[in-house]
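Visitor: I have some questions about this one. Can we go through it piece by piece?

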Amino acid sequence: MLYYNVFTPCTGRTMPHARFLPRRPLLLGLLALLGLLLALPARAEPPRVVATLKPLHALAAAVTDGVSEPHRLLPDGSSPHAYSLRPSDMRALHGSDILLWVGPEMETFLQAPIRSLPDSTHEIRALTLPGMTLHRLHGSHDHGHDDHAHGDHAIDAHLWLDPDNAQVIVAALAQRLRTLDPANAERYAANAERLRQRLESVDRELASRLAGLRGNYVVFHDAYQYFEHRYGLQHAAALTIDPGRTPGARRVREIRAIIRQTNARCVFAEPQFRPALVDTLIQDTDARAAELDPLGTAIPDGPDAYPQLLLNLAAAFEDCLL
């Protein structure tokens, strides 16, 4: 307590007056404590992962399981070949720490937006990862397309349909997450190892189930050679290389002729594209209409979505060709 004298006019006397003032050492201590608190780092949140396609989102969900949930850009039923980003998509992209995508050969809608992303966003482009097995598109010149009609269309960008490629993506994502988030590094590593073991088990199962599976078939979209190479399958024809382009009458006649010449058992549509065209193709033939879903549209999101995608594809081939 500090005291000082005050003159009171009514009495003409000077009276001692008490006033509380904080001691200087206490004030300095409070300021020092405040500075220390401000200097402490805020509680770090896990890195925000944005994945473009559902299969990539599934792989990311498996790696981040128990830590965070990745954000998916393409909603179910949308095609990566004909998607337009919404304002909410742009906000998610600009708020991301990691962007997981195939590359401009697949997600053509990202070619311009990706140039505006902040430097803090770490890009994982699957097509350029070391160790990735890549295939060229079938017959890119046979259908009157040049190599750039579908991005850089010398390369088939549906690379996630090979489980070995999925392993490469998982390893790259887990490593990047461990670097950005050391506090959860062990969890990311354990999740990646769990998925590796699961995929090896599924791969062995599918190799056994699909071994010796015979029969010609036609696919709507040339999207399955990674799965076909892996498990010894081969389509007789694809209606289109670029699903963003409607096949003309001449191409439809060509495919109908192939169905008859090869005694094709199945013509596979896809959820994102026109099934009515498949009905036209199989009319007056012995082929049946079926469906392949390379994006896993009907599969619930979650850590097991990618293995389920492979299992569903195998079941579709078995159901139509056995």
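Visitor: Which residues in H2 meet H5?

Guide: Leu59, Ala62 and Val63 of H2 meet Tyr188, Asn191 and Leu195 of H5. Contact here means heavy atoms within 4.5 Å. By class, this contact of H2 with H5 has 5 nonpolar residues, 1 polar and no charged ones. Ala, Val, Leu, Ile, Met, Phe, Trp, Tyr, Cys and Pro count as nonpolar, Asp, Glu, Lys and Arg as charged, and the others, Gly among them, as polar.

Visitor: Before I go on, what am I looking at, and how is it numbered?

Guide: This is a predicted model, in which local features need pLDDT of at least 70 and side-chain atom pairs count only at pLDDT 80 or more, while totals for chains, interfaces and linings use all residues. Residues are numbered from 1 along each chain as its sequence is written, and side-chain values use heavy atoms, with hydrogens and water left out.

Visitor: At what angle do the axes of H2 and H5 cross?

Guide: The axes of H2 (residues 54-63) and H5 (residues 185-210) cross at roughly 125° and come within 7 Å. Axes are lines fitted to C-alpha atoms, for helices over the stretch in contact, and angles run from 0 to 180 degrees between N-to-C directions. H2 and H5 are therefore oblique to each other. Angles under 35 degrees count as roughly parallel, over 145 as roughly antiparallel, 65 to 115 as roughly perpendicular and the rest as oblique.

Visitor: And H4 with H5, how do their axes cross?

Guide: The H4 and H5 axes cross at roughly 175° and come within 9 Å. That makes H4 roughly antiparallel to H5. By class, their contact has 11 nonpolar, 1 polar and 4 charged residues. On the H4 side the contact includes Pro163, Ala166 and Val170, and on the H5 side it includes Ala185, Tyr188 and Leu195.

Visitor: Back to H2. How many of its residues are buried?

Guide: 10 of the 10 residues in H2 are buried, so the helix is mostly covered. Buried means under 20% relative accessible area, exposed over 50%, and partly exposed in between (1.4 Å probe, protein chains only). Among the buried residues of H2 are Lys54, His57 and Leu59.

Visitor: What do they pack against?

Guide: The buried residues of H2 pack against strands S3 (49-51), S4 (71-72) and S5 (98-101), and against helices H4 (163-180), H5 and H9.

Visitor: Where does Gly302 lie?

Guide: Gly302 lies in the loop between strand S12 (288-291) and H9. Gly302 is buried, with a relative accessible area of 14%. Leaving out residues up to four places away in sequence, Gly302 touches Ala58 and Ala61.

Visitor: New topic. How many salt bridges does the structure hold?

Guide: The structure holds 17 salt bridges. A salt bridge is a side-chain nitrogen of Lys or Arg within 4 Å of a carboxyl oxygen of Asp or Glu.

Visitor: Which residue forms one with Glu318?

Guide: Glu318 forms a salt bridge with Arg209, and their closest N and O atoms are 2.5 Å apart. This pair links distant parts of the chain, with Glu318 in H9 (residues 305-321) and Arg209 in H5, 109 residues apart. Glu318 is buried, at 14% relative accessible area, whereas Arg209 is partly exposed, at 28%.

Visitor: What about Arg209 and Glu205?

Guide: The side chains of Arg209 and Glu205 meet in a salt bridge at 2.9 Å, N to O. Being 4 residues apart in H5, they are separated by about one helical turn. An α-helix has 3.6 residues a turn, so residues three or four places apart point the same way. Glu205 is partly exposed, with a relative accessible area of 34%.

Visitor: Finally, how many helices and strands does the protein have?

Guide: The protein has 9 helices and 12 strands. Helices (H or I, at least four residues) and strands (E, at least two) are DSSP runs, numbered from the N terminus. Of the 322 residues, 47% count as buried.
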